[in-house]
Amino acid sequence: MNIVVLVKQVPDTWSERKLTDADHTLDRESADAVLDEINERAVEEALQLQEAHGGEVTVIAMGPDRATDAIRKALSMGADKAIHVSDEALHGSDVLATAKVLAKAIGTVENVDLVIAGNEATDGRAGAVPAILAELLGLPQVTQLRKVTVEGTTIKGERETDEGVAFLEASLPAVVSVTEKINEPRYPSFKGIMAAKKKPVSTVTVADLGIDASEVGLSGAYTQVLEAAPKPPRSAGQRVEDGGDGGSKIAEFLVGQKLI
Amino acid sequence: MITKDLYERKEFRQLVKDFTRNEIVPHLDEWERQGEVPRELHKKAAELDLLGIGFEHGDLLDSVVLTEEIIQSGGSSGVMAALFTLGIAIPHIWQSGNQDLIERFAKPAIRGEKIGSLAVTEPGAGSDVAGIRTKAVKEGDHYIVNGTKTFITSGCRADFVTTAVRTGEKGHKGISLLVIEDGFTRRKLDKMGWHCSDTAELHFDDVHVPAKNLVGEENQGFALIMRQFQVERITMAVEAYATAQRALDLTVEWTRNRETFGKPLIKNQVVSHKLAEMAQKIDLARTYTREVAARVNRNEECVTEVCFAKNAAVQACGEVVDAAVQLHGGMGYMRESEVERHYRDARILGIGGGASEVMTELAARRLGFA
Ligand SMILES: Cc1cc2nc3c(=O)[nH]c(=O)nc-3n(C[C@H](O)[C@H](O)[C@H](O)COP(=O)(O)OP(=O)(O)OC[C@H]3O[C@@H](n4cnc5c(N)ncnc54)[C@H](O)[C@@H]3O)c2cc1C
Ligand SMILES: Cc1cc2nc3c(=O)[nH]c(=O)nc-3n(C[C@H](O)[C@H](O)[C@H](O)COP(=O)(O)OP(=O)(O)OC[C@H]3O[C@@H](n4cnc5c(N)ncnc54)[C@H](O)[C@@H]3O)c2cc1C
């Protein structure tokens with residue numbers, strides 16, 4: 001079973017994240033970049049399926065040069081090869097352009113049975129790419145899964161929502177997205193890290209994928225961010241002295257905030 | 001060049017950092033109280049190939065990264081001693097090329113299935129390795145071993161002990177290495193630091209050891225032991241500056257947050273300068289030690305420099321952990337502060353693996369001064 005895992009490099013959630021002044025896109029230079037944790041889980045799921053069903057695991061990442069670090073991490077964990085879509089023109093791409101590029105990149109991999117993505121990236125948090133991608137590829141989508149199993153040419157998944165658990169099924173090939181409940185990702189081993197250096201990574205541009213540069217990036221985006229302002233700092237809390245009436249004072253405060 | 005080489009091991013560093021933060025730090029206090037690390041930890045480290053580094057894969061510079069990162073991410077030299085005892089227990093076996101011993105002892109240790117110890121020191125012979133008296137007499141296809149070994153790291157948990165025994169004449173020419181699995185008694189020793197690393201006295205009373213457990217050739221043990229000291233000593237130098245770095249990191253954090261006389265401690269020049277001096281000592285020790293490690297790794301002759309590295313790093317460490325406790329004030333004296341542990345753990349580094357005076361004497365002789 002050949003699996004493609006879509007991985008994204010994101011700013012470490014522990015570091016301070018901000019938007020650039022120039023074009024209000026994410027300032028990727030100011031923060032440590034890591035392989036998105038949800039993608040570590042996506043890679044883990046792919047590796048577990050590979051262990052059970054054989055085949056090859058290819059990771060695809062779209063991102064600037066330094067996204068190679070995220071790719072290496074996925075290869076260190078055990079993925080077989082990688083495609084890195086790297087192009088200045090991609091800067092500022094929206095979810096539609098991103099899905100378009102990824103769809104084309106997936107098209108360069110032979111006999112793909114399954115595409116695994118995270119449910120949403122921790123930076124953009126749109127959560128739309130897997131669905132758009134499935135549409136573009138004409139494949140069934142089984143998204144937001146906490147559990148995945150493959151039986152023959154059928155993929156089964158469990159989607160947990162506030163209302164309950166939905167049990168989903170689709171025929172392969174398919175696109176799935178996984179949530180943070182899917183598994184605990186493995187550490188890459190020492191040998192894995194050393195082996196990753198020798199694994200093939202092909203770097204491609206949008207032109208290589210047959211996409212016109214004007215369709216992607218900031219200029220190709222359907223929406224523009226015109227202005228951005230940092231969140232105002234939190235103001236100091238209000239202090240309530242408890243003179244025996246603390247409870248009712250708190251209730252008053254909550255009523256004032258329209259919380260109760 | 002050497003530093004660059006080390007920085008290229010970024011991913012491995014990250015792995016060790018994750019491993020330490022997730023698998024060691026949350027449990028370390030408990031292991032310190034229990035007096036040992038669990039076998040499970042060996043298994044987990046083995047799954048990530050950490051125990052085979054320097055043997056099956058990787059080299060001394062990878063071990064340097066491993067040691068730095070375990071300690072600087074919140075582990076300790078005590079964890080290093082307990083988890084990586086195989087680093088002193090199996091190199092002789094590994095290099096002897098004896099497939100039987102490699103299969104029975106070295107590989108299971110690398111897989112985290114067996115724990116090994118190295119027993120050289122005796123109540124009557126520590127620095128003077130050539131003075132050991134534990135006797136092994138050959139009878140048929142066995143050796144009969146009698147004597148006592150002491151201060152043996154992981155000796156309580158050990159499944160096998162690579163033991164220095166006297167098989168021949170007095171002095172360094174009559175020493176052999178035997179792997180001993182059982183038949184001896186163990187006494188757990190209480191000590192100042194390294195609480196998570198069990199340390200034992202081993203008593204051998206007519207212990208029968210199969211002759212096939214001899215490592216290398218009879219009476220050639222002294223050279224095997226001495227050769228391995230290079231790696232052990234450079235590793236202890238790394239433990240020393242890494243411990244100092246960790247203590248400094250904790251102290252910087254502490255002095256930023258701790259206020260006395262209306263301002264953060266670090267805002268006092270006497271404190272910020274103290275921290276800068278600590279950083280300077282650490283950086284000098286680190287740079288020199290890494291350089292010497294690279295030379296050892298290339299098999300260059302550098303016995304003197306290894307002595308220098310160990311002594312310099314140990315001295316820097318001693319000064320830094322002392323200042324770290326001082327700058328923590330009363331909290332630095334409390335078990336709940338991490339620097340208190342490093343202060344105790346650091347004390348062994350100038351005693352084990354060749355005491356500082358012995359290192360200086362060796363250097364003096366190599367330099368032709370003594
Ligand atoms: C926690 C711990 C773990 C250990 N783990 C192991 C282990 O796993 N395996 C093992 O075999 N051993 C182990 N040791 C033993 C360690 O290697 C010895 O303690 C060390 O070699 C010093 O020997 P000694 O204690 O007999 O001190 P001694 O040799 O008695 O020395 C005492 C002091 O005198 C100084 N001195 C000695 N000779 C001279 C001289 N000629 N000139 C000037 N000064 C001198 C020494 O430097 C030292 O300061 C461990 C020790 C400790 C404390
Ligand atoms: C075992 C033990 C028993 C104790 N018993 C008692 C007791 O019975 N009763 C009691 O009241 N207290 C007791 N103490 C508390 C003790 O008196 C304090 O720990 C001590 O006064 C230091 O205060 P601190 O711990 O708050 O350190 P801090 O005041 O936070 O100082 C931390 C470090 O910063 C340095 N420092 C502080 N201010 C400055 C400055 N302006 N410029 C430069 N350096 C500075 C200090 O020298 C110290 O090294 C005890 C402490 C211990 C450890």
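These notebook entries record what I looked up in a predicted model.

**Conventions.** I number residues from 1 along each chain as its sequence is written, with chains lettered from A and ligands numbered from 1 in the order in which they are written. As the model is predicted, local features need pLDDT of at least 70 and side-chain atom pairs count only at pLDDT 80 or more, whereas totals for chains, interfaces and linings use all residues.

**Entry 1: domains of chain B.** I looked up the domain assignment, whose bounds come from an automatic or database source. Chain B is given domain 1 (2-84), domain 2 (115-219) and domain 3 (223-366). The C-alpha centres of domain 1 and domain 2 of chain B are 27 Å apart. Their contact (C-beta atoms, placed from the backbone, within 7 Å) takes 11 residues from domain 1 of chain B and 11 residues from domain 2 of chain B. On the domain 1 side, α3 (28-34) and α6 (77-83) of chain B each supply at least two residues. I take helices (H or I, at least four residues) and strands (E, at least two) as DSSP runs, numbered from the N terminus. The largest share of that side, four residues, belongs to α6(B).

**Entry 2: ligand 1.** I next listed the 20 residues around ligand 1, where near means a C-beta atom, placed from the backbone, within 6 Å. Those that come nearest are B:Val120, B:Gly126, B:Ser127, B:Thr153 and B:Ala355. In chain B, β1 (116-119), β3 (142-153) and α14 (356-366) each supply at least two residues of this shell. Ligand 1 lies between domain 2 (115-219) and domain 3 (223-366) of chain B, because both give residues to its shell.

**Entry 3: ligand 2.** I found 13 residues around ligand 2, of which B:Thr260, B:Asn268, B:Gly329, B:Gly330 and B:Tyr333 come nearest. Helices α11 (269-297) and α12 (303-327) of chain B each supply at least two residues of the shell.

Terms used. Contact = placed C-beta atoms within 7 Å.
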